Amino acid sequence: MENASSAQSAIQSGRIRVLKEGSGPSDRAVGPVVYWMFRDQRLNDNWALIHAVDQANKANVPVAVAFNLFDQFLGAKARQLGFMLRGLQQLHRDGEAVETIPNFIKECGASLLVTDFSPLREVRGWKEEICKRVGDLVSIHEVDAHNIVPLWVASEKLEYSARTIRGKINKLLPEYLIDFPKLGPPNRKWPTSNHSVDWENLITAVVRKGAEVPELEWCEPGEHAAREVLMGSKNGFLTKRLKNYSTDRNNPLKPKALSGLSPYLHFGQISVQRCALEARNVKKLCPKAVDTFLEELIVRRELADNFCFYQPQYDSLQGAWEWARKTLMDHASDKREHIYSREQLEKAQTADPLWNASQLEMVHYGKMHGFMRMYWAKKILEWTSGPEDALAISIYLNDKYEIDGRDPNGYVGCMWSICGVHDQGWQERPVFGKIRYMNYAGCKRKFDVDGYIAYVKRLVGEVKKRKAETLLNEKKKELCI
Ligand SMILES: Cc1cc2nc3c(=O)[nH]c(=O)nc-3n(C[C@H](O)[C@H](O)[C@H](O)COP(=O)(O)OP(=O)(O)OC[C@H]3O[C@@H](n4cnc5c(N)ncnc54)[C@H](O)[C@@H]3O)c2cc1C
């Protein structure tokens, strides 16, 4: 795979990889351009869309954005699919049919397919398949529209830790952390089609099918909502809440100290680069908070993508470093104080009220506090029959209930907590071996544990009350009809 030629391009050549070189003229598309939107579901600040429009304008051909709805992707339920579809509905203006990609390419005679980038194996597998299935003439460009420094430019190998990737990323930021060019309308309009998407029915069907994990009321989807969370005048992170980030971000009782951006970043409803540019603009006001935020947003997040891209076993014990695998296996048969089944854990039926609270926060609120996620996963290691089991259960629960789940950050978060990925060895102890340990007493020293348990109880009570009210209103409506 090589980088695309940068000649007359609106975007840096390093951001694009040619997955397939079509046999048509190499300098321009002859048929229309299709952007297959997958990970970066937005119209603003989207390098893949910028590239697609730029290529279409140069060849004077129309451009379409296609989205292929998978209602079975890594176990997504109503919570995640509803959020995604409602966001997509806001993008949708033209009524294009969502077809499987190769068929769509064939149907419209496209000669260039642009796609955004995801390191997850399923998505990479589909792209390989699509490369085989589209006609010879078609070129396929993959654009890293998610990371600030394109993944393959930041590093060509699996990085060991934040320490080893930080310098590489920071060195490249002046080149890549730049303003976006303004995206004008395409020169040629896509011929109007009579296909239209019945959003209401589509969303109702998807939400009904995935009703086991219901949608969230507090988290409004879409690009506009994402920008409000970042910098809105009411309660924006950079405008109103930034100063608490460096002091309170590890306090689960103060979730508003965190940005709250992960749902939007996961679905690409806001660009990481936009968040970083805006944070840099207010650095003078709160330098420490901005530095800490950028470390998480850029270094930690891009490190997670690096792991999933270069480590094919990114969600299995086999993907852990040698020292960690050894220590975990040495302690795999240590006696555990408790062993809980997946069902007991899912229902928050453990003897630890703090752990149960974090599980309930995730199940009902849909976003567990970042600090609690570490404690939560580490306890699963302590309470299951072995590390493989612990990893599988933590990923299953994380992907099922977190609004930001099914993300490289989630796989790496679980791998960090349970398998020591990107961490170092610590003092050896039962069950954990040399994997970093966390316990209830440590949490008690750090924050008001009882306060957090009471806070989650209130939160769950409110969610349940609202759900009951909604059900009642629906029943009333039905009776009126
Ligand atoms: C066991 C476990 C599971 C996790 N699962 C997920 C997940 O499914 N999806 C997810 O996005 N994050 C996950 N994380 C990472 C982190 O906890 C969340 O990104 C964060 O809590 C999201 O809230 P926020 O956006 O308000 O955080 P903020 O602190 O405001 O962070 C801003 C952004 O920086 C990035 N970031 C922050 N912390 C990390 C981190 N440790 N690693 C990588 N990137 C980070 C995220 O993109 C985040 O949205 C997990 C961590 C652990 C330990």
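I take the axis of a helix to be a line fitted to its C-alpha atoms over the stretch in contact, and the angle between two axes to run from 0 to 180 degrees between N-to-C directions. The model I am reading is a predicted one.

**Entry 1: helix 13 and helix 19**

I looked up how helix 13 and helix 19 pack. Their axes are 8 Å apart and the angle is about 85°. Angles of 65 to 115 degrees count as roughly perpendicular, so I noted helix 13 and helix 19 as roughly perpendicular to each other. On the helix 13 side I listed Arg-301, Ala-304, Asp-305, Phe-307 and Cys-308; they meet Pro-408, Asn-409, Tyr-411 and Val-412 of helix 19. Sorted by class, this contact has 6 nonpolar, 1 polar and 2 charged residues.

**Entry 2: helix 12 and helix 13**

I stayed with helix 13 and turned to helix 12, which spans residues 272–281. The two axes come within 10 Å and cross at roughly 160°. That angle makes helix 12 roughly antiparallel to helix 13. The crossing is left-handed. Which residues of helix 12 meet helix 13? I found Val-272, Cys-275, Ala-276, Ala-279 and Arg-280. Their partners in helix 13 are Val-290, Phe-293, Leu-294, Leu-297, Ile-298 and Arg-301. I counted 9 nonpolar and 2 charged residues in this contact, and no polar ones.

**Entry 3: the ligand**

I then looked at what surrounds the ligand. There are 28 residues around it, and Ser-259, Gly-370, Asn-409, Gly-410 and Gly-413 come nearest. Which helices each supply at least two residues of the shell? I wrote down helix 11 (262–266), helix 13 (287–310), helix 17 (370–383) and helix 19 (408–419). Helix 19 gives the largest share, 6 residues. The shell divides into 9 nonpolar, 11 polar and 8 charged residues.

**Entry 4: helix 16 and helix 21**

Next I checked helix 16 (residues 353–365) against helix 21 (residues 449–480). Their axes lie 9 Å apart at an angle of about 30°. This makes helix 16 roughly parallel to helix 21. I recorded the crossing as left-handed. Helix 16 makes the contact with Pro-353, Leu-354, Ala-357, Leu-360, Glu-361, His-364 and Tyr-365. Helix 21 makes it with Val-449, Tyr-452, Ile-453, Val-456, Leu-459, Val-460 and Val-463. The classes in this contact are 12 nonpolar, 1 polar and 1 charged.

**Entry 5: the domains**

Last, I looked up the division of the chain. It has domain 1 at 2–147 and domain 2 at 317–453. Their C-alpha centres lie 36 Å apart.

Conventions
Residues numbered from 1 in each chain as written. Predicted model: local features only at pLDDT ≥ 70, side-chain atom pairs only at ≥ 80, totals over all residues. Helix = DSSP H or I, 4+ residues; strand = E, 2+ residues; numbered from the N terminus. Parallel < 35°, antiparallel > 145°, perpendicular 65-115°, else oblique. Left-handed = near helix turned anticlockwise from the far one by under 90°. Contact = placed C-beta atoms within 7 Å. Nonpolar A, V, L, I, M, F, W, Y, C, P; charged D, E, K, R; others polar. Domains from an automatic or database assignment. Near = placed C-beta within 6 Å.
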